[in-house]
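Welcome, and thanks for taking a look at this one with us. Please open the sequence and the structure side by side, and then follow the notes below.

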Amino acid sequence: MSWIKHWQVRRVLKREPIGHEFWHNLMAKDPLFADLSSVQKAHLRELTTLFKYQKNFRASDDFNLTQSMALTISAHACLLILELGLDYYQGWRDIIVYPTAFVVERDETDELGVVVHQAQVLGGEAWLTGPVVLEWQSFKAESDEFTPGRNLVLHEFAHKLDMLNGAANGMPSLHKTMNREHWTQAFSKAFEQLQHQVEHGHHPAINPYAATDPAEFFAVSTEYFFTAPHLLNHHFPAVYEQLCLFYRQDPNARLSI
């Protein structure tokens with residue numbers, strides 16, 4: 001069956017090519033991709049093509065979601081799985097894009113068992129077996145200005161990877177060559193350190209939103225890993241090392257080439 005899958009992949013790549021001018025501009029203008037090698041960029045292009053083909057992009061309301069927008073989102077999402085493969089994004093299909101922040105209403109139970117109806121304004125959300133929901137305006141602003149430690153697509157798709165073990169808890173399914181205890185020690189120590197900084201009014205090493213819970217710490221750390229690897233490696237070297245092992249990439253090393 002492997003040859004059939006290979007044939008299907010080649011067929012999609014041939015029928016759904018990404019325009020050369022668009023791809024060249026994206027790779028040249030977005031600092032997130034600037035330090036990738038030519039081989040890595042070519043592989044990312046293939047992953048992006050296949051990802052875009054497999055997923056169902058939907059716009060909310062009357063938002064005009066263009067092919068260029070969908071491809072840009074796809075390229076950022078596929079950077080996470082550059083050395084992992086598309087299987088890491090299987091089991092769900094929909095990506096919903098809003099023009100701006102959106103409101104989510106849900107009932108939540110507090111510590112006393114009281115059900116409270118809450119409305120939250122969100123820029124993104126990832127469902128366990130459902131869609132990824134994104135706000136275009138914030139993502140575009142972060143991409144255009146390249147804000148270190150801020151990338152909505154990286155954040156929400158990191159949650160998707162985290163959920164592969166059945167829950168978003170900051171512990172994704174580790175590779176067989178990785179040590180679970182080493183991961184837990186690195187992330188727990190860094191998480192507690194960040195919480196201490198936030199609680200005592202100290203300047204936080206990274207975005208304080210990471211101190212919300214372990215799942216958010218993993219997602220925010222992923223944002224820094226790809227957009228500001230030197231900062232993450234400086235403040236939380238053990239976390240950086242574990243993310244290198246998980247993503248099978250070393251963005252900091254790419255910067256020094």
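Which residues do ring pairs link into a cluster? The cluster is made of Trp183, Phe187, Phe191, Phe217, Phe218, Phe225, Phe226, Phe236, Tyr240, Phe246 and Tyr247. Please keep in mind that this is a predicted model. The protein has 12 helices and six strands, and buried residues account for 47% of its 257 residues.

**Aromatic pairs**

- The count of aromatic pairs comes to 19.
- One of them is formed by Phe51 and Tyr89, whose ring centres are 5.6 Å apart with planes at 65°, so this pair is edge-to-face.
- Phe246 counts as buried at 1% relative accessibility, and Tyr247 counts as buried at 0%.

**A charge over a ring**

- Lys55 places its charged end over the ring of Trp92, at 3.8 Å from the ring centre.

**Helix α6 and its surroundings**

- Which residues of helix α6 (residues 136-145) are buried? They are Trp136, Phe139, Glu142 and Ser143.
- Seen down the axis of α6, these buried residues fall within an arc of 135°, so they line one face of the helix.
- Asp144 and Glu145 are exposed, and they sit on the face of α6 turned away from its buried side.
- The cover over the buried residues of α6 includes α5, β2, β6 (132-135) and α7 (152-162).
- Just after α6, Phe146 has a positive phi of about 45°.

- How many bridges join β2 to β6? There are four, and the two strands run parallel.
- Ile95 has Val132 in β6 as its bridge partner.
- β5 pairs with β6 in the antiparallel sense, over three bridges.
- β5 and β6 form a hairpin, with five residues between the two strands.

**A closer look at Glu125**

- Glu125 is placed in strand β5 (residues 124-126).
- Is Glu125 buried or exposed? Its relative accessible area is 14%, and because buried means under 20%, Glu125 is buried.
- The side chain of Glu125 makes a polar contact of 3.4 Å with the side chain of Trp127.

**Contacts along the chain**

- Among the contacts in the protein between residues at least 6 apart in sequence, 62% join residues at least 24 apart.

Notes
Residues numbered from 1 in each chain as written. Predicted model: local features only at pLDDT ≥ 70, side-chain atom pairs only at ≥ 80, totals over all residues. Heavy atoms only, no water. Buried < 20%, exposed > 50% of the residue type's maximum accessible area, 1.4 Å probe, protein only. Polar contact = N/O pair within 3.5 Å; in protein donor to acceptor, adjacent residues only side chain to side chain. Phe/Tyr/Trp six-rings, centres within 6.5 Å; stacked < 30°, edge-to-face > 60°. Lys NZ or Arg CZ within 6 Å of the ring centre and 35° of its normal. Arc of directions from axis to C-beta. Contact = heavy atoms within 4.5 Å. Pairing = 2+ DSSP bridges.
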